Amino acid sequence: MRNSRISWTEASWNGWIGCQEVSPACDRCYARTLAERYKWAKWGKDTPRHRTSEAYWRKPIAWNSEAEARKEPIRVFAFSLADWAEDRRDLDPWRADFFRLIEKTPWLIWMLLSKRADCMARMLPEAWLSAPRPNVWLGVTAENQRRAEERIPALLSVPAVLHWVSAEPLLSPLDLSPWLGPRRLSWAIAGGESGAGARRMDPEWARGVLRQCRAAGVAFHLKQKGEALARELGCKDRHGKTPSEWPEDLRVQEVPVVAA
């Protein structure tokens with residue numbers, strides 16, 4: 001999707017669809033719900049992943065031409081319906097094709113998010129570990145403190161021009177301060193959960209992450225308040241995505257800038 005409805009990216013792209021739940025953030029997975037509703041793929045350890053069409057794989061090439069013509073990079077969130085670092089050997093050929101696509105699209109900033117930080121170094125091309133690609137940002141999901149402590153150190157051990165964290169769905173108070181700052185985490189995203197049975201995000205949890213980012217000079221982005229809090233506050237947008245309906249201090253949607 002070129003015009004993404006995700007506030008922190010400009011496009012989203014999925015080379016394949018399908019995944020397996022690994023932590024509480026997955027309990028109400030929107031990707032699984034969509035995949036099952038539209039019969040794109042089945043979720044689970046032993047189910048096959050579904051590769052998207054060749055025409056779809058060519059879309060980033062067109063986006064790259066658009067960005068080059070404008071002399072303005074386009075941010076692309078890769079794999080909102082899968083996990084690019086899933087440890088499956090059957091995905092290796094597709095992953096290799098994906099990495100070649102990244103090499104062919106230098107005007108796209110590829111935002112690679114995973115819940116499998118311990119797999120990242122093994123899944124990335126070896127050449128990228130010694131020479132990180134300037135258009136690849138590596139991030140992990142950290143929905144609570146346990147996952148932050150498990151995943152962020154592993155993420156930071158993998159070379160990248162920018163490391164980031166997505167605390168969405170934010171399920172508890174979160175202390176990111178040990179990992180925020182120059183040459184560490186340069187960006188933190190927070191957000192509440194969507195979908196049936198969405199768990200409530202306490203706005204103080206988001207404020208806590210915002211304060212930590214401000215203290216470290218790191219970009220902060222609140223994506224949405226989530227459905228539970230949106231109902232509670234009477235928001236017109238059921239996901240709570242409209243900043244004008246938020247408390248003024250939380251209307252922060254920053255994106256980091258990487259020096260050329």
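The protein chain carries 41 positive and 33 negative side chains, and the centres of these two sets lie 3 Å apart. The structure described here is a predicted model, and within the protein chain eight helices and nine strands are found. The radius of gyration is 18 Å, close to the 18 Å that the globule rule gives for 260 residues, so the chain is as compact as a globular protein of that length.

**Overall form and surface**

- Taken along its principal axes, the C-alpha trace of the protein chain spans about 45 × 40 × 35 Å.
- The accessible surface of the protein chain comes to about 12,000 Å², and 52% of that surface belongs to carbon and sulfur atoms.
- Of the 260 residues in the protein chain, 54% are buried.
- When contacts between residues at least 6 apart in sequence are considered, 75% of them in the protein chain join residues that are at least 24 apart.

**Strand β8 and its partners**

- Strand β8, which covers residues 185–190, is mostly covered, since five of its six residues are buried.
- Strand β7, made of residues 162–167, pairs with β8 in the parallel sense, and the pairing extends over five bridges.
- Within this part of the structure, Trp164 has Trp187 of β8 as its bridge partner.
- Strand β8 is also joined by four bridges to strand β9, residues 219–222, and these two strands run parallel.
- Ala190 stands opposite Leu222, a residue of β9.
- As a general point to keep in mind when looking at such strands, the side chains of a regular strand alternate between the two faces of the sheet.

**Ala216 in helix α7**

- Ala216 is found in helix α7, which is formed by residues 203–216.
- If its neighbours within four places in sequence are left aside, Ala216 is in contact with Leu180 and Gly181.
- Ala216 and Ser186 are 30 residues apart in sequence, while in space the distance between them, C-alpha to C-alpha, is 9.1 Å.

Conventions. Residues numbered from 1 in each chain as written. Predicted model: local features only at pLDDT ≥ 70, side-chain atom pairs only at ≥ 80, totals over all residues. Heavy atoms only, no water. Rg over C-alpha atoms; globule rule 2.2 N^0.38 Å. Buried < 20%, exposed > 50% of the residue type's maximum accessible area, 1.4 Å probe, protein only. Contact = heavy atoms within 4.5 Å. Areas by Shrake-Rupley, 256 points an atom, 1.4 Å probe, with all protein chains shown as cover. Lys, Arg positive; Asp, Glu negative; His and termini not counted. Charge placed at Lys NZ, Arg CZ, Asp CG, Glu CD. Pairing = 2+ DSSP bridges.
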